Amino acid sequence: MALIKSNVGTSLELVASGKVRELYAIDSKSLLFVATDRISAYDVIMENGIPEKGVLLTLMTAHWFQYLQQQIPGLKTHFVSLSLPSSLPRDVAEQLKGRSMVVRKLKVFPLEAIVRGYITGSAWSSYKKTGEVNGKKMPEGLQESQEFPEPIYTPSTKAELGAHDENITTEQAEKVVGEKYAKQIEQLSLQVYKTARDYAREKGIIIADTKFEFGLDEETDEVVLIDEVLTPDSSRFWPKATYKVGQSQPSFDKQGLRDWLTENGLKGKDGVAMPDDVIEATRSKYLEAFKILTGKSLQESMQNLN
Ligand SMILES: Nc1ncnc2c1ncn2[C@@H]1O[C@H](COP(=O)(O)OP(=O)(O)O)[C@@H](O)[C@H]1O
Ligand SMILES: [Mg+2]
């Protein structure tokens, strides 16, 4: 059974909820960051969910935080722990186990820090029309799914629930968060992407593009990597084995769901329930990506939780 909405009774105070997650207060400095099994496509949430997806996203993010912190000395993340507060009633703890992360509560920068290593999706559409991506001229003659000579940073605004994010230029991003932070966010995003890209490529996955979010630790004035990172919800993952430039790629993410919505005229419509085969296909893609990237099955990783 998919968990569509967490149900914690009065044991925790809800502070925010997004398309996929519910954020609960733990104390003045920390939050319980809970991933449900909801899935969104084209910014709309489906009626039903993908069983265990929230656990998968949480454990994959934890895996990446650990790896990234080893590789990038000085990188700050919001991660505190995968352990639940001991005060939770047993049934609530059972429900939230594996899908929750204790994180530092931070001031979120209203930017989606998108990094693209390969040209696809909206970047490919825009390039075909104008030769530009996010207002910047790109090299001539790029083919669909081709790797950029260097990864590019293409920020977008972080829209409120129900609205759509908008691509902006790096200059506009500087206006939104201030020049100093904008530069740090760009530099960190590129560095984290490159580190993850190399790791994943070795394991057989191409991270075509991905989205990061950052927060500010107001006490130390540090820019901190937050939210989920490098999951199939926040990234495009392609199998390296079948990668071929000049065409679209099969992927480990929700592309199958997006295609099903488009083929059935349901793109962007509210109240859509996915049929079982779409749920199963999406779930198995996510599970496969998890295994390849973490080296463990989701089942094994869940067993390792205390
Ligand atoms: N450490 C943090 N402190 C405060 N807010 C956070 C932190 N990490 C992530 N968030 C916010 O929590 C929300 C995550 O919920 P999610 O369902 O993924 O939202 P969205 O619909 O915006 O993708 C996002 O709005 C994100 O900016
Ligand atoms: Mg999100």
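**Exercise 1. Work out which residues surround ligand 1, and which are closest.**

Solution. Start with the shell: 17 residues surround ligand 1, where being near takes a heavy atom within 4 Å. The closest are Lys19, Val20, Arg21, Arg104 and Glu213. Keep in mind that this is a predicted model, where local features need pLDDT of at least 70, side-chain atom pairs count only at pLDDT 80 or more, and totals for chains, interfaces and linings use all residues. Residues are numbered from 1 along each chain as its sequence is written, chains are lettered from A and ligands numbered from 1 in the order in which they are written, and side-chain values use heavy atoms, leaving out hydrogens and water.

**Exercise 2. Find the polar side-chain atoms that lie by ligand 1, and say how much of ligand 1 the protein buries.**

Solution. First take histidine 78: one of its polar side-chain atoms lies 2.9 Å from a nitrogen atom of ligand 1. Next, glutamate 213 has a polar side-chain atom 2.5 Å from an oxygen atom of ligand 1. Then the area: ligand 1 taken alone exposes 550 Å², and the protein buries 86% of that (Shrake-Rupley method, 1.4 Å probe).

**Exercise 3. Why does ligand 1 lie between domain 1 and domain 2?**

Solution. Check who contributes: domain 1 (1–105) and domain 2 (108–256) both give residues to the shell, so ligand 1 lies between them. The domain bounds come from an automatic or database assignment.

Definitions and conventions:
Polar contact = N/O pair within 3.5 Å; in protein donor to acceptor, adjacent residues only side chain to side chain.
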